[in-house]
Amino acid sequence: MDFILQPWPWFVGGPLIALSLFLYFYFGKNFGASTNFETLCTMVGAGKVSNYFKKDWKERDFALLFVVGLVIGGFISATYLIPSQSIDLNPKTVQELTDLGFSNVANQYFPDEIFSEDVVFSLKGFLILILSGVLIGFGTRYAGGCTSGHAITGLSSLQLPSLLAVIGFFIGGIIAAWFVIPVLF
């Protein structure tokens, strides 16, 4: 059990990801999660409203199983495979987060200042979630895929648009971490 509870080294995780990608490519599939929202909309009849959703959702049923597996795996990991909530963070990072107003830094994975019920169900929290969801949804469709699809599948198949998208993801993450989060919190 200790083997599962510890972080796996790159020389184990990397080849497992490569094997997964090889199987996806071999069977003619693309790896990524963002098109599942499109597939769900197609399944519930969004094609009646927009031609964009007039597709055969059964061609993407494997991806829905992938997302179900992600949810189940995440639940199992969070419930049974996290030995403790403490996180080994750089002391400078702890100080910077404390200066931003976060308490319990390095003692829990999800800070109460962002993820507690009081914050999520407040007007500010609700507006942040709605705006974030719209921006992520728009960005994912505009970029032609999500971070996992571009960074893993696109880069491994040497696609220039994926490289540009991943560079954009990193720039967006830096802007959010340095400028947006300090303003919001």
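**Briefing: an all-helix predicted model**

UniProt, in an unreviewed entry, lists residues 6–27, 62–82, 119–139 and 160–181 as "transmembrane region"; its positions follow the numbering used here, feature names are shortened, and annotations may be inferred rather than shown by experiment. What you have here is a predicted model, where local features need pLDDT of at least 70, side-chain atom pairs count only at pLDDT 80 or more, and totals for chains, interfaces and linings use all residues. Residues are numbered from 1 along each chain as its sequence is written, and side-chain values use heavy atoms, with hydrogens and water left out.

**Overall build**
- The protein has 10 helices and 0 strands (DSSP runs numbered from the N terminus: H or I of at least four residues for helices, E of at least two for strands).
- Of the 185 residues, 18% are buried (under 20% relative accessible area; exposed is over 50%, and partly exposed is in between, with a 1.4 Å probe and protein chains only).
- Take the contacts (heavy atoms within 4.5 Å) between residues at least 6 apart in sequence: 50% of them join residues at least 24 apart.

**Two of the listed spans**
- Residues 6–27 are 77% helix and 0% strand, with end C-alpha atoms 32 Å apart.
- Residues 160–181 come out at 100% helix and 0% strand, and their end C-alpha atoms lie 30 Å apart.

**The core**
- Leu21, Tyr24, Phe31, Phe62 and Ala63 make up the largest nonpolar core (buried Ala, Val, Leu, Ile, Met, Phe, Trp, Tyr and Cys residues joined through side-chain atoms within 4.5 Å).
- Helix H2 (10–26) and helix H4 (61–80) each put at least two residues into this core.
- Beyond its neighbours within four places in sequence, Tyr24 touches Lys29, Asn30, Phe31, Phe62 and Phe66.

**The greasy surface**
- A nonpolar surface patch, among its members Leu155, Leu163, Trp178 and Phe179, has about 1100 Å² of accessible area together.
- Patch residues have over 30% relative accessible area and no salt bridge; nonpolar side chains (Val, Leu, Ile, Met, Phe, Trp, Tyr) are joined within 5 Å, like charges within 9 Å.
- A salt bridge here is a side-chain nitrogen of Lys or Arg within 4 Å of a carboxyl oxygen of Asp or Glu.
- Helix H10 (residues 160–184) gives the most to the patch, at 11 residues.
- Leu163 sits in helix H10 and counts as partly exposed because its relative accessibility is 39%.

Methods: Accessible areas come from the Shrake-Rupley method with a 1.4 Å probe; for residues, only the protein chains shown count as cover.
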